[in-house]
Every structure is written in C-alpha cells, then in structure tokens.
Amino acid sequence: MVKLRNITKDMMTVVEGSYAVAYAAKVCRPNVISAYPITPQTHIVEELSQFIADGELENCESINVESEFSALSTLVGSSATGARTYSATTSQGLALMHEVLFNASGMRLPIVVTVVNRALSAPISIWNDHQDSVSERDSGWIQLYAEDVQEAADMIAQAYKVGEDPDVMLPVMVCMDGFILSHVYEPVVLLEENLIDKYLPSFNPEYKLDPKNPKTFGAFAPPASYTEFRYAQEQAMTAAIDKIEKAADDFYDVFGRYYGGLIDEYETDDAEIIILAMGSVIGTIRDVIYNLREKGVKVGLLKVRALRPFPKDAIKEVIKDAGVVVTLDKNISVGMNEGALCTETKACMYNTDINVPVVGYMIGLGGRDIPEGTIENIVEEAKEVMDSGISIESQFTDLREDLI
C-alpha cells in the first residue's frame with residue numbers, strides 16, 4: 001500500500017519527470033555519467049550535464065560518446081574501478097547495449113540505468129511500451145518499474161542501495177514510461193539531499209581495479225567454471241529479493257514515502273478478480289477499481305515493481321484465493337502470443353496447489369491510449385471467465401479491424 005508521511009504542498013515542486021529523475025541521480029553523487037541522446041530519455045542527461053556545468057554536481061565526469069554501446073562500455077570500465085556510475089537510455093539505444101548488458105552483470109558491476117521505456121522498431125515508434133526492457137530481462141539486471149514520477153525519482157536511490165549491497169552487486173534498470181512520465185510536469189518532492197547520506201552509503205566495493213592490487217574482471221571461463229558464474233548471478237538475484245523489500249522499508253523510514261517493495265497491492269484482500277500490471281497504467285487501474293468497488297465488483301490490483309527478480313512467492317500469496325487473474329502487458333513475446341507477466345505468472349503457479357485461471361492482455365503497444373473503458377471491458381471479460389472458464393487465454397486489446 002502506498003504510504004506518504006508528512007508530505008505538504010510546500011515540500012513539492014512542479015517539474016518535468018526527466019528533471020526529477022536527473023535531480024535524484026545528482027543527489028546520489030555518481031562519479032561517472034555517460035549516455036547517448038535518444039528520445040525520450042535525452043532530457044535526463046541534459047539536466048545532469050547542466051548540473052555539472054553549474055557546479056551542483058562535483059567530483060563527477062560526464063563523458064560524451066558516439067553510441068549507447070559506448071555509453072555502457074564506458075560505465076563498465078568506470079564501475080570496475082570503484083566509481084558510482086549512471087546512465088539513461090531507451091528503445092533502440094537499450095537494444096544497442098545488449099552485448100554490454102551481459103558484461104556488466106557478469107562482472108557484478110552495480111551500474112544504475114534509467115530506461116525511459118519506448119517501443120522498438122520496426123515500424124518506428126517513439127511512444128511508450130515495455131518491449132525494450134522486457135526483452136532484456138534475461139541479461140542479469142535487476143529491473144524495477146515505476147508507476148509515477150515521484151516513484152521513478154525515488155527508485156534511483158533504492159536502486160543504488162540494492163545494487164551496491166555486497167550480497168547483490170548487480171546492475172539495476174529503473175524503468176519509467178516514456179513521455180507519460182518522462183515529459184509530464186507534476187508536483188513532486190525532489191529527492192532530499194540532506195537525507196540521502198542517512199539512506200545511501202558511499203560506494204566502496206570489495207573488489208575493484210587497482211594498480212596496487214591487480215585483479216582481472218571478465219576473464220575467460222572454460223566449461224569447467226562457466227556454469228558457476230551463472231549460478232553466482234542467480235544467487236545474487238535471489239538475495240536481491242529481500243534487499244529490495246528492505247530498501248523500500250528503509251526509504252520510508254528516512255524519507256516518508258513508500259510504494260511497495262517487490263509488489264504493491266490495492267483492494268486485494270477480498271478480490272475475486274486480481275489485475276497484474278507494471279508502470280504508469282497502474283494509476284488508471286486504481287481509478288477503475290475504485291469506481292467498480294462502488295458498484296460492488298470485487299476487483300483488486302497487484303502492482304509488480306520488480307520484474308527481475310520475479311517476485312514469485314509474493315505473487316502466489318496474493319492470488320492464491322482469487323477467482324481469476326488478469327495480466328496487462330505492454331509487451332509481447334511474438335510466437336507465444338503472451339506478454340511477460342502472463343507467462344511468468346502462470347509459470348510460478350505450476351507445480352503448486354494454486355489453480356487460478358490466468359488470462360492475459362497485450363495492451364498499450366506503441367503508446368496506444370489505455371482509457372478506463374478498456375480496463376472496464378477487461379474486468380467484464382474476467383467475470384465471464386469465472387462463470388464459464390477460459391475461452392481465449394491471451395489476446396490483443398483494442399485492435400483496429402480496419403488496419404488488419
């Protein structure tokens with residue numbers, strides 16, 4: 001349940017979402033920032049460059065590069081020396097980083113990257129869906145998804161706290177919906193610089209590149225040892241489950257703001273229909289649920305904040321007594337005709353005694369609007385599943401027949 005403590009209007013400032021995120025990155029005091037401009041993330045690194053030029057961010061090097069591949073490669077080298085690092089990217093830019101994403105995770109470097117989610121080409125789209133980050137879910141990065149600007153900004157500090165934990169040491173993607181969050185102006189509490197030192201310790205990794213104490217990172221691994229590296233990554237991701245929860249709790253203790261840990265719930269206690277979703281669509285779903293509850297419809301929301309590590313146990317606990325589970329995905333696995341939440345929710349129930357039907361909807365692809373009426377129609381279809389069983393397991397929403 002979202003909790004806000006002692007937040008008053010005079011604490012809030014109306015800013016663009018990108019500014020709030022850049023400000024949050026600034027107060028976390030990165031040592032190296034490297035990024036390549038691409039819509040809609042460019043404003044974030046522009047603001048950070050301005051902070052450095054104005055002397056507001058000291059002891060930080062902003063490095064201009066020729067591509068997103070180089071941007072992340074630069075941070076891999078910097079992080080390996082013990083520097084706290086930051087970047088932002090989106091869509092094709094994240095795809096261009098693909099090879100280096102695996103290097104960063106395999107070398108256990110806690111780089112933080114804001115992914116301003118945007119659809120992948122072709123056809124070209126600059127609008128929001130989650131295909132870019134979801135396509136990288138097996139790269140070994142922690143993935144956190146924000147509902148609104150305040151959460152996207154506050155997630156930066158939480159990402160550093162989790163990723164830099166000695167038991168984790170993994171890179172983190174903080175995912176926020178492109179344009180919907182990155183370019184909106186709304187009141188937020190900018191991450192308080194005077195409180196950050198209480199929450200986020202300085203980065204001092206046990207292992208780093210140092211001429212006085214030589215080490216090798218990313219070395220050649222023969223078949224006799226490669227599996228164990230992958231096992232260690234999985235163990236670190238498992239450790240991150242509790243760390244994400246604790247980071248959220250600690251953030252509330254210091255800053256007075258809480259959005260859930262791995263997940264958040266809204267009206268799930270007696271819900272017959274539970275909707276799972278990630279990102280900015282959560283706000284629309286909350287409004288629909290509020291209105292339907294007024295009419296006696298027992299529907300609830302399970303907001304997924306972490307796609308990696310996937311919160312299997314937390315999800316199972318929430319949905320075990322539901323009549324039907326509905327997953328809303330802004331992505332699709334082409335050939336499987338399902339989104340990631342649909343597939344993984346069903347997978348985590350397999351080999352258990354939980355036998356709740358799961359129906360999936362691909363929604364909002366390429367930035368298509370998601371009005372309240374669409375969510376209401378989905379709830380109506382979910383009622384039919386409870387009465388008559390599943391007729392379509394996963395489907396696209398709001399298809400335009402005139403374009404097919």
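Predicted model: local features only at pLDDT ≥ 70, side-chain atom pairs only at ≥ 80, totals over all residues.
Two packed helices are described by the angle between their axes and the distance between the axes. For helix H1 (residues 17-27) and helix H2 (residues 42-53), the axes come within 8 Å of each other and cross at roughly 50°, which makes H1 oblique to H2. The crossing of these two helices, H1 and H2, is right-handed. On the side of H1, the contact is made by Ser18, Tyr19, Val21, Ala22, Tyr23, Ala25 and Lys26, while H2 contributes His43, Ile44, Glu47, Leu48 and Phe51. When sorted by class, the residues of this contact between H1 and H2 comprise eight nonpolar, two polar and two charged.

Of the 11 residues of H1, 10 are buried, so the helix is largely enclosed by the rest of the structure. The buried residues are Gly17, Ser18, Ala20, Val21, Ala22, Tyr23, Ala24, Ala25, Lys26 and Val27. H1 is followed by Arg29, a residue whose phi is positive, near 60°.

The residues of the contact between H7 and H9 divide into seven nonpolar, one polar and four charged.

Over the whole structure, a search finds seven aromatic pairs. In one of them, the rings of Tyr252 and Tyr258 have their centres 6.4 Å apart and their planes at 80°, and because planes over 60 degrees apart count as edge-to-face, the pair is placed in that class. Tyr258 has a relative accessibility of 12% and therefore counts as buried.

A further position is Gly373, which lies in helix H13 (residues 372-388). With a relative accessible area of 31%, Gly373 is partly exposed. Although Gly373 and Val288 are 85 residues apart in sequence, the distance between them in space is 8.5 Å, C-alpha to C-alpha.

Methods:
Residues numbered from 1 in each chain as written. Heavy atoms only, no water. Axes fitted to C-alpha atoms, helices over the stretch in contact; angles between N-to-C directions. Helix = DSSP H or I, 4+ residues; strand = E, 2+ residues; numbered from the N terminus. Parallel < 35°, antiparallel > 145°, perpendicular 65-115°, else oblique. Left-handed = near helix turned anticlockwise from the far one by under 90°. Contact = heavy atoms within 4.5 Å. Nonpolar A, V, L, I, M, F, W, Y, C, P; charged D, E, K, R; others polar. Buried < 20%, exposed > 50% of the residue type's maximum accessible area, 1.4 Å probe, protein only. Phe/Tyr/Trp six-rings, centres within 6.5 Å; stacked < 30°, edge-to-face > 60°.
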